[in-house]
Amino acid sequence: MTEYTITRKFNTSVERTPRVLEIAESFGLGLSDKEFVVYDGLKIDIRPADVVYIKGQSGSGKSLLLKDLSAQMIAGGLKVADLNKIELDEHPVVELVGKDTNEALDLLAKAGISDAWIYIRKPSELSDGQRYRLKLAMLMASDADVWIADEFGAVLDRVTARVVAFSMQKVSRRAGKTFMVATTHEDMVTELAPDLTITKMFREKVKIEAGA
Ligand SMILES: Nc1ncnc2c1ncn2[C@@H]1O[C@H](COP(=O)(O)OP(=O)(O)OP(=O)(O)O)[C@@H](O)[C@H]1O
Ligand SMILES: [Mg+2]
């Protein structure tokens, strides 16, 4: 188990354009610099093979948390694979994952792709949701210790999102990988069966619970 400490504060200085000054005057906003605290010494314990579910409204601080956890994990010697950093080469899908065709089909199925027409297309010929699932397959194929997915499942229809969430937590647990997702969607929690749920609220308010 490793304990991570997260602190994130911003000094918000406003650019005083004529329109900004007009808004400030109309709404009675003070424009002096203010400290904006998102995390203030939050402690999080994460074990290898944990599924970590980060939820909360837009702007609450989910992406910042993933970014900081990722940076601290890398500094601690772990290999982190980030879904949003995966680039797709322009080759048939079946060539992009796994050491052979069988392994490719297995990984793609785990990511929710089981259509022969998709196997032989190139990334540029796929829909956003198909490309997203291809990236999930590549995440599962990586040799990283930690898998990170911000906006997890956001571009998928909700049934597919739940199927993929169930499948990915199974694979990550079996492989002993830490799997960390952030999402505003709350409909995948049963399928994800998280070990740790972090609910970020506004300001530095946050709730950490074991389980879902
Ligand atoms: N460089 C920055 N300077 C000032 N404030 C920032 C900066 N980066 C992020 N913030 C603020 O920190 C807060 C958290 O941002 P974050 O991107 O983590 O939100 P989020 O929960 O991922 O939201 P979303 O669901 O919309 O992706 C936001 O209110 C944002 O405005
Ligand atoms: Mg975000």
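A: A residue is taken to be near a molecule or strand if one of its heavy atoms lies within 4 Å of it. The model is a predicted one, in which local features need pLDDT of at least 70 and side-chain atom pairs count only at pLDDT 80 or more, while totals for chains, interfaces and linings use all residues. Residues are numbered from 1 along each chain as its sequence is written, chains are lettered from A and ligands numbered from 1 in the order in which they are written, and side-chain values use heavy atoms, with hydrogens and water left out.

Ligand 1 is surrounded by 13 residues, of which Ser58, Gly59, Gly61, Lys62 and Ser63 are the closest. By class, this shell has seven polar, four nonpolar and two charged residues; Ala, Val, Leu, Ile, Met, Phe, Trp, Tyr, Cys and Pro count as nonpolar, Asp, Glu, Lys and Arg as charged, and the others, Gly among them, as polar. Helices (H or I, at least four residues) and strands (E, at least two) are DSSP runs, numbered from the N terminus. Strand S2 (34-46) and helix H2 (62-75) each supply at least two residues of the shell, and H2 gives the most, with three residues.

Polar contacts are pairs of N or O atoms within 3.5 Å; within protein, one must be able to donate a hydrogen and the other to accept it, and residues adjacent in sequence count only if both atoms are side-chain atoms. A polar backbone atom of Gly59 is 2.7 Å from an oxygen atom of ligand 1. For Gly61, a backbone N or O atom lies 2.9 Å from a ligand 1 oxygen. Ser63 contributes through its side chain, where an N or O atom is 2.8 Å from an oxygen atom of ligand 1. On its own, ligand 1 has 640 Å² of accessible area, and the protein covers 61% of that. Such areas come from the Shrake-Rupley method with a 1.4 Å probe; for residues, only the protein chains shown count as cover.

Turning to the rings, the structure holds three aromatic pairs. Rings of Phe, Tyr and Trp (its six-membered ring) pair if their centres lie within 6.5 Å; planes under 30 degrees apart count as stacked, over 60 as edge-to-face and the rest as tilted. The pair of Phe152 and Phe179 is edge-to-face, with 5.7 Å centre to centre and 90° between the planes. This pair links distant parts of the chain, 27 residues apart: Phe152 is in the loop between strand S5 (146-150) and helix H7 (158-175), and Phe179 is in strand S6 (residues 178-183). Buried means under 20% relative accessible area, exposed over 50%, and partly exposed in between (1.4 Å probe, protein chains only). Phe152 counts as buried because its relative accessibility is 1%, and Phe179 is buried because its value is 0%. Ring pairs join Phe152, Phe179 and Trp147 into a cluster.

A charge sits over a ring if NZ of Lys or CZ of Arg is within 6 Å of the ring centre and within 35 degrees of the ring normal. The charged end of Lys200 sits over the ring of Tyr39, 5.1 Å from its centre.

As a whole, the protein has eight helices and eight strands, and 42% of its 212 residues count as buried. Its C-alpha atoms fill a box of roughly 65 × 40 × 30 Å, taken along the principal axes.
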